[in-house]
Protein chains: 2
Amino acid sequence: MKKVCVLGAGSTKYGKLSDSIADIATQASVSAIESAKISPKEVDFSYIANVFGIADKQVHLGPVLMSNLGISETPSLSIESACGSGSVAFHEAWAKVAGGHCDCVVATGVEKVTHTGTEWTTTYFAYCSDFYYEGQAGASFPGLFASMARAYISEFDATEEDFAMVAVKNHDNGILNPKAHLQKKITVDDVMNSAVVASPLKLYDCCPFSDGASSVILCSEEFARAHGGNYIEVIGSGRGGSSSALQGREHMTTIPSTKIASKQAYEMAGISPKDVDFAEVHDCFTIAEIVDIEDLGFFEKGAGIKAVREGRTKLNSDISINPSGGLKSKGHPIGATGIGQVVEVYDQLTGAAGARTVKDAKIGLTHNFGATGASCAVNLFASV
Amino acid sequence: MKKVCVLGAGSTKYGKLSDSIADIATQASVSAIESAKISPKEVDFSYIANVFGIADKQVHLGPVLMSNLGISETPSLSIESACGSGSVAFHEAWAKVAGGHCDCVVATGVEKVTHTGTEWTTTYFAYCSDFYYEGQAGASFPGLFASMARAYISEFDATEEDFAMVAVKNHDNGILNPKAHLQKKITVDDVMNSAVVASPLKLYDCCPFSDGASSVILCSEEFARAHGGNYIEVIGSGRGGSSSALQGREHMTTIPSTKIASKQAYEMAGISPKDVDFAEVHDCFTIAEIVDIEDLGFFEKGAGIKAVREGRTKLNSDISINPSGGLKSKGHPIGATGIGQVVEVYDQLTGAAGARTVKDAKIGLTHNFGATGASCAVNLFASV
């Protein structure tokens with residue numbers, strides 16, 4: 001297995017964007033290519049992470065992106081794994097380089113949905129659940145995560161105010177991220193007073209629908225060394241699955257795919273959760289971040305909520321969780337999210353994270369899942 | 001690079017199907033797993049090829065399929081590369097096993113669209129073109145391939161009757177395939193008298209919209225040997241790209257991605273086109289098959305039409321092209337097509353092709369592209 005590096009990274013701003021899906025994918029890719037100090041012609045393969053290209057009338061995005069980059073003969077493909085598409089595509093790109101098939105790959109995640117309105121987006125996102133058991137019964141994602149939140153409250157000593165603290169922390173971080181969708185300071189009271197979406201989750205417990213694109217360049221170590229860009233190393237990459245419908249799970253307060261994927265990644269890297277300096281985790285709803293930081297092994301089951309309450313997951317505390325602002329504040333353009341997490345890790349480990357820098361960070365983790373965690377990928381990175 | 005084998009294969013019938021997209025994907029996968037004489041628990045990774053899961057309200061198909069197979073913790077993902085999704089997914093699965101990441105992978109292609117009607121399907125399929133330059137200008141695929149047909153007629157000595165002979169041959173083969181969508185003998189007159197879709201292409205020059213699923217099991221040679229199923233060997237696999245819009249191509253009568261992908265596959269296998277006994281090629285329209293058999297190196301540029309006229313591509317002639325009936329008669333459930341081609345090769349090389357058996361065949365090729373060939377994969381197989 002060859003060592004794989006991330007040699008460059010770029011993102012558009014996340015939010016409501018007016019350019020086409022192909023254009024924003026191109027903007028992020030060009031920015032990653034420039035950051036890597038390579039020529040597009042050096043790219044020998046490409047992965048696009050995208051779920052609802054159909055919303056902007058463009059599926060089969062790869063060839064359009066390659067043509068825009070002036071490398072139309074470079075092979076491409078799109079990967080979909082619901083909200084986890086980005087990190088799943090990153091894992092595939094990693095495997096291609098690690099397996100010796102490719103030397104330099106561009107992995108670009110993109111989504112554009114805000115122009116379609118909330119009804120279209122909510123309906124189509126529900127097609128990412130197990131539609132037979134969940135979506136068609138009216139159980140869209142806010143309802144499903146609300147069930148997890150209810151279970152967590154009933155099983156552990158948690159309150160709605162505790163969940164709200166996750167949102168407050170992530171907004172505090174997002175304010176420091178010029179590319180974040182929601183750059184706005186909020187308080188626990190703001191969260192508690194926001195409209196109920198699916199009790200106990202309120203509007204400010206939920207991440208927004210966002211447009212955006214993020215892109216990274218993966219390559220072999222030799223390739224990275226031969227070019228002038230800053231690079232970091234991929235030290236672990238894991239994948240896991242869970243029952244597609246929540247009803248098939250043994251527990252409501254843990255996500256099996258996170259445990260499986262992170263175990264693989266930690267073992268590959270030869271490290272344990274305590275070695276991780278910061279993590280970008282999948283906080284589509286505040287409850288998700290609590291479950292994530294327990295399943296990833298940062299805190300014991302049931303102790304995540306206490307850690308949040310004590311501020312141990314804030315920027316530059318015990319472990320910085322979602323320094324970018326996370327899905328909650330940075331935004332969640334679903335195909336782009338997992339790649340965007342890698343962009344944040346790249347920026348952190350190459351000294352480009354500005355005011356939200358995690359001090360003395362050497363190891364970063366990305367965790368991103370699809371639906372209620374039916375698919376998951378965890379990637380681990382180290383500075384060089 | 002490890003040697004990769006195909007240990008099992010299965011398909012639903014192609015046509016108008018009433019079961020859900022998840023159910024037909026499951027049926028094909030179960031059939032492939034049974035054919036491989038393995039237990040689902042031995043599968044360590046899965047690829048789903050699909051374009052319009054949204055048509056049946058289920059994207060994020062992988063976890064649903066894994067849950068149906070009783071292996072919900074097995075990682076999965078969906079791959080989209082328009083009509084080439086199946087063979088592109090096969091290439092990715094091959095790379096994963098060849099690179100030593102996985103030992104046994106299920107690759108399942110599926111599509112279900114016929115229930116949505118021709119207008120929905122034509123519109124949404126056009127989103128697979130370069131929509132900015134083509135689809136939004138009204139250039140859907142029949143029109144784009146008609147442009148290629150016009151160019152071919154003008155450049156070489158071809159007639160509409162010649163194109164019709166491709167359809168007649170593929171229907172002759174499809175009649176021998178119990179799983180084919182259109183099992184009906186047709187004549188050149190039938191083609192010539194069918195409704196004009198986009199001149200010079202008539203209805204019988206076009207493949208149908210189909211539902212269907214196909215699935216194959218890929219594994220290492222050691223895994224294949226340790227199990228009881230028949231297996232064949234993957235001897236080459238290549239990928240290529242072309243300009244997403246036809247207007248970006250230097251020539252209208254050749255598809256660059258086919259040439260690039262097949263060159264890679266031939267070189268990997270250490271063979272030349274004359275070593276291939278039969279090929280499943282992408283005949284979405286009759287003109288496409290002509291262009292394919294030239295780009296794949298079976299005939300010189302401009303000589304493909306003469307070969308068809310002389311019957312040299314019929315079953316058990318010089319080279320059997322589309323013994324399954326091809327997209328034209330077997331059908332074209334777009335996500336499934338490329339995997340279905342591999343199922344045909346598996347059946348041919350393991351003696352399970354019945355009345356359509358290519359005699360003494362040792363080497364088979366699959367060729368499948370997306371859109372007008374903006375993405376392409378070519379895979380080569382040998383009997384063991």
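The following legends describe close-up views of a predicted model.

**View 1. The arrangement of chains A and B.** Two copies of a chain are related by a rotation about an axis and a shift along it. The same surface serves both copies, since 100% of the contact residues of chain B recur in chain A.

**View 2. The nonpolar cores and the surroundings of A:F52.** The largest nonpolar core has 126 residues, and the members that touch the most others are A:F52, A:F298, B:F52 and B:F298. Apart from neighbours within four places in sequence, the contacts of A:F52 include A:V113, A:W120, A:Y124, A:F125, A:C128 and A:I334. A:F52 is also in contact with B:I54 and B:V59 of chain B. A second, separate core comprises 68 residues, including B:V4, B:C102, B:I232 and B:A377.

**View 3. The packing of helices α5 and α10 in chain A.** Helix α5 (residues 141-155) packs against helix α10 (residues 286-295) at an angle of about 60 degrees, and their axes are 9 Å apart. The crossing of α5(A) and α10(A) is left-handed. From α5(A), A:F145, A:M148, A:A149 and A:Y152 meet A:I287, A:A288, A:I290 and A:E294 of α10(A). By class, seven residues in this contact are nonpolar, none is polar and one is charged.

Conventions
Residues are numbered from 1 along each chain as its sequence is written. Chains are lettered from A and ligands numbered from 1 in the order in which they are written. This is a predicted model: local features need pLDDT of at least 70, side-chain atom pairs count only at pLDDT 80 or more; totals for chains, interfaces and linings use all residues. Side-chain values use heavy atoms; hydrogens and water are left out. Contact means heavy atoms within 4.5 Å. A nonpolar core is a set of buried Ala, Val, Leu, Ile, Met, Phe, Trp, Tyr and Cys residues joined through side-chain atoms within 4.5 Å. Buried means under 20% relative accessible area, exposed over 50%, partly exposed in between (1.4 Å probe, protein chains only). Axes are lines fitted to C-alpha atoms, for helices over the stretch in contact, and angles run from 0 to 180 degrees between N-to-C directions. Helices (H or I, at least four residues) and strands (E, at least two) are DSSP runs, numbered from the N terminus. A crossing is left-handed if the near helix is turned anticlockwise from the far one by less than a right angle, and right-handed if clockwise. Ala, Val, Leu, Ile, Met, Phe, Trp, Tyr, Cys and Pro count as nonpolar, Asp, Glu, Lys and Arg as charged, and the others, Gly among them, as polar.
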